[in-house]
Amino acid sequence: MPKLFEPLPDSVAAEIDLLNGNLTNEIPAKTDNTLLIATWNIRCFGDLTQKWKAAPGDSPQRDLQSLLGIIQVIKRFDIIAVQEVKNNIKCLRETMKYLGSDWSFLMTDVTKGDPGNSERLAFIFNNQKAKLS
């Protein structure tokens, strides 16, 4: 079973390099004098298929390549509010492992009932830029 910390397959590495090039052009660089904050509604940020590329019949369809792409965006910011974090927080756990000890998160309770869709909000932040008080 592949993991995010293993060497990337060539096709995944090429996609991530392309994404990072685009992100460098679109997102301001981090500096000591900036605090970059974002919010992102990541649809059904919950379970994960532990493959680099999910097959058509796999459930969920979010795979390691997709998660690694999401992580590339998240790490460009100092604080990011992620919407639609599901009951199953496997994607969030893997994201935090990848980001490392300089990063933390805080999340709300799951919204119960049909209108809440078993979702919550997570705030992911760089400990070097923000601290809980």
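Is Leu106 buried, partly exposed or exposed? Leu106 is partly exposed, at a relative accessible area of 43% (buried is under 20%, exposed over 50% and partly exposed in between, with a 1.4 Å probe and protein chains only). Keep in mind that this is a predicted model, where local features need pLDDT of at least 70, side-chain atom pairs count only at pLDDT 80 or more, and totals for chains, interfaces and linings use all residues. Residues are numbered from 1 along each chain as its sequence is written, and side-chain values use heavy atoms, leaving out hydrogens and water.

Leu106 sits in strand 3, residues 103–107 (strands are DSSP runs of E, at least two residues, and helices are runs of H or I, at least four, numbered from the N terminus). Together with Phe123 and Leu132, Leu106 makes a nonpolar surface patch of about 280 Å². A patch takes residues with over 30% relative accessible area and no salt bridge, joining like charges within 9 Å and nonpolar side chains (Val, Leu, Ile, Met, Phe, Trp, Tyr) within 5 Å; the areas come from the Shrake-Rupley method with a 1.4 Å probe, and for residues only the protein chains shown count as cover.

Now for the helices. Helix 1 (residues 10–26) and helix 2 (residues 64–74) have axes that come within 10 Å and cross at roughly 25°. That makes helix 1 roughly parallel to helix 2 (under 35 degrees is roughly parallel, over 145 roughly antiparallel, 65 to 115 roughly perpendicular and the rest oblique). The axes of helix 2 and helix 3 (residues 90–99) also come within 10 Å, crossing at roughly 55°, so helix 2 is oblique to helix 3. Back in helix 1 you'll find Leu23, which counts as buried at 9% relative accessibility.

On to the charges. Side chains of opposite charge can pair when their charged atoms come close. The structure holds four salt bridges (a side-chain nitrogen of Lys or Arg within 4 Å of a carboxyl oxygen of Asp or Glu). One of them joins Asp78 and Lys30, at 3.7 Å from N to O. This pair ties together distant parts of the chain, 48 residues apart: Asp78 is in the loop between helix 2 and strand 2, Lys30 in the loop between helix 1 and strand 1. Asp78 is buried at 0%, while Lys30 is partly exposed at 33%. Lys30, Asp78 and Lys129 are linked in a salt-bridge network.

Within helix 3, Glu94 and Lys97 lie three residues apart, about one turn of the helix, and form a salt bridge whose closest N and O atoms are 3.2 Å apart.

Methods:
Axes are lines fitted to C-alpha atoms, for helices over the stretch in contact, and angles run from 0 to 180 degrees between N-to-C directions.
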